[in-house]
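The sequence and the model are shown first.

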Amino acid sequence: MRVVIAEDAAVLRELLAQMLAERGHEICAAVGDADALREAVAAHRPDVTVVDIRMPPTHTDEGLRAAIDIRAAHPGTGVLLFSQYVETKYATRLLAAGSAGVGYLLKDRVANVAEFTDALERVAAGGTALDPEVVTQLAGAGHRAAGLAPLTGREREVLSLMAEGRSNAAIAQALFVSAGTVEKHVAAVFEKLGLPVSQDHNRRVLAVLRYLRS
């Protein structure tokens, strides 16, 4: 992957760059503020960018606003938000700006290198990668929403794991069921949410967004 990193903490920025470079990925730029991020993405057109939400000068939502701008100007570039805390309003704003190639991980996930790089690869490929804690807080009482009422408890469980960006095989392993059983649950979710087969949309992403926005 070709990656741009935006993180104002120099030590973490260098750690991410080194970690990804050691695994064969190209670091196009590693910057410390939102304006530099916008410029780097425009110049290098990376596959994905890792963006800290809180960046200079106010350390509030500069990174998020830059991420939304990038999604609008360069829809082919994946955006992985990276934060120390779960900030649901920011995650919701990013998801509302586009239905694919987005992610939100907590910074402590960087300690698990395989988990972090796997999430980044999914986002670069147009999928989603949401921290389980982010999914829990975003969904909130969504399980009781009318839009998800047709789903069984197990189907909601499968959809929750889909929202984390897990594959069918990973879901099967987490729930201790066969891959075939998961495929049946996923098909049922698509049918009950009214998501027919289409070459123009990623049904998996659309189902996850329906779940998170419910």
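Strand 5 (residues 102-106) and strand 6 run parallel and are joined by three bridges. In this predicted model, Tyr104 stands opposite Leu130 in strand 6.

The two strands belong to an open sheet of six strands, ordered 2-1-3-4-5-6 with parallel pairing. Strand 2 (26-31) and strand 6 (128-130) are at the edges; each has a single partner strand, so one side of each lacks a neighbour in the sheet. On average, neighbouring strands of this sheet are turned by 20 degrees against each other, direction ignored.

Helix 5 (residues 113-124) contains Thr117. The side chain of Thr117 reaches the backbone oxygen of Ala114 at 3.2 Å. Leaving aside residues up to four places away in sequence, Thr117 touches Leu20 and Arg23.

A search of the whole structure gives one aromatic pair. The ring centres of Phe82 and Phe116 are 5.4 Å apart and the planes stand at 55 degrees, so the pair is tilted. Phe82 lies in strand 4 (residues 78-83) and Phe116 in helix 5; at 34 residues apart, the pair links distant parts of the chain.

| Residue | Relative accessibility | Class |
|---|---|---|
| Thr117 | 9% | buried |
| Phe82 | 1% | buried |
| Phe116 | 0% | buried |

Each of these values counts as buried because the cut-off is under 20% relative accessible area.

Key: Residues are numbered from 1 along each chain as its sequence is written. This is a predicted model: local features need pLDDT of at least 70, side-chain atom pairs count only at pLDDT 80 or more; totals for chains, interfaces and linings use all residues. Side-chain values use heavy atoms; hydrogens and water are left out. Two strands pair if DSSP finds at least two bridges between them. Helices (H or I, at least four residues) and strands (E, at least two) are DSSP runs, numbered from the N terminus. Axes are lines fitted to C-alpha atoms, for helices over the stretch in contact, and angles run from 0 to 180 degrees between N-to-C directions. Buried means under 20% relative accessible area, exposed over 50%, partly exposed in between (1.4 Å probe, protein chains only). A polar contact is a pair of N or O atoms within 3.5 Å; within protein, one must be able to donate a hydrogen and the other to accept it, and residues adjacent in sequence count only if both atoms are side-chain atoms. Contact means heavy atoms within 4.5 Å. Rings of Phe, Tyr and Trp (its six-membered ring) pair if their centres lie within 6.5 Å; planes under 30 degrees apart count as stacked, over 60 as edge-to-face and the rest as tilted.
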